[in-house]
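I opened this model to look up its helix packing and its salt bridges. The entries below follow the order in which I checked things.

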Amino acid sequence: MISHPSRHCTVELQALPSRIGQVRRIVSAQLRYWHMDSLIDRASLGVTELLSNVHRHARPDKTCTVEIELLLDRLKVSVHDHDPRLPVVADAGPLATCGRGLAMVAAMSESWGVSPDDAGKVVWFTLPTSVAAEPAAWDRRPHLTATGPDRPRFTEVALVDHVAEVHRPEAAPARSAVPG
């Protein structure tokens, strides 16, 4: 049982491959300290994908901040970088060796999104802290939303059990890429 209503951890780093592994270990240790061992695998996967995107795409630098916050009913993991360009989930061909990171984050999380801010952007995802609150893994599909008719973007993907009559564009695998 969590005795405090909110817990918080922040790590500042350069998103380099050697540092990504270190941050993954820090996140794992922090979740063990909070007695949230069941979230370690998904939180580690998500933070790895988000930091890999910073390493691959962020400009002008790779400096970023990872923040994890444990609330009563969910864990929120966010990565802030200094690149104002928002990530775009694009088409990854069947033989592509990369480009599915945000789709994986969407599939394993309760919700995810991106928020621009004065110094760049924040990409985040949430995980439920209660096993009973999670939909069955085999029955989760992302529900995609966009931010306007002129510039569709992913603002949030919430996992839903069943979606009735939702207009979906042509089916295409997602790619974790920032245009530019």
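I began with Arg 74, which is partly exposed at a relative accessible area of 28%. Here buried means under 20% relative accessible area, exposed over 50%, and partly exposed in between (1.4 Å probe, protein chains only). I note that this is a predicted model, in which local features need pLDDT of at least 70 and side-chain atom pairs count only at pLDDT 80 or more, while totals for chains, interfaces and linings use all residues. Residues are numbered from 1 along each chain as its sequence is written, and side-chain values use heavy atoms, with hydrogens and water left out.

Arg 74 forms a salt bridge with Glu 110, with the closest N and O atoms 3.2 Å apart. This pair links distant parts of the chain: Arg 74 is in strand β3 (residues 74–81) and Glu 110 is in the loop between α3 (101–108) and β5 (111–117), 36 residues apart. I counted a salt bridge where a side-chain nitrogen of Lys or Arg is within 4 Å of a carboxyl oxygen of Asp or Glu. Helices (H or I, at least four residues) and strands (E, at least two) are DSSP runs, numbered from the N terminus.

Glu 110 is partly exposed, with a relative accessible area of 25%. I also found a salt bridge between the side chains of Asp 73 and Arg 74 (3.2 Å, N to O). Asp 73 counts as partly exposed because its relative accessibility is 42%.

**Lys 121 and Asp 81**

I then looked up the salt bridge between the side chains of Lys 121 and Asp 81 (2.9 Å, N to O). It links distant parts of the chain, with Lys 121 in strand β6 (residues 120–128) and Asp 81 in strand β3, 40 residues apart. Are these two residues buried or exposed? Lys 121 is buried at a relative accessible area of 4%, and Asp 81 is buried at 4%. Salt bridges that share partners join Asp 73, Arg 74 and Glu 110 into one network. The structure holds 4 salt bridges.

**Helices α1 and α2**

I took the axes of α1 (residues 17–33) and α2 (residues 40–57), which come within 9 Å and cross at roughly 150°. α1 is therefore roughly antiparallel to α2. Axes are lines fitted to C-alpha atoms, for helices over the stretch in contact, and angles run from 0 to 180 degrees between N-to-C directions. Angles over 145 degrees count as roughly antiparallel, under 35 as roughly parallel, 65 to 115 as roughly perpendicular and the rest as oblique.

I listed the residues that meet, among them Ile 20, Val 23, Val 27 and Leu 31 in α1, and Ala 43, Val 47 and Leu 51 in α2. Contact means heavy atoms within 4.5 Å. By class, the contact of α1 with α2 has 9 nonpolar, 5 polar and 2 charged residues. Ala, Val, Leu, Ile, Met, Phe, Trp, Tyr, Cys and Pro count as nonpolar, Asp, Glu, Lys and Arg as charged, and the others, Gly among them, as polar.

**Arg 7 and the whole chain**

I checked Arg 7 in strand β1 (residues 7–14). Arg 7 counts as buried because its relative accessibility is 18%. Arg 7 and Leu 72 are 65 residues apart in sequence and 9.2 Å apart in space, C-alpha to C-alpha.

For the whole protein I noted 3 helices and 9 strands. Of its 180 residues, 42% count as buried.
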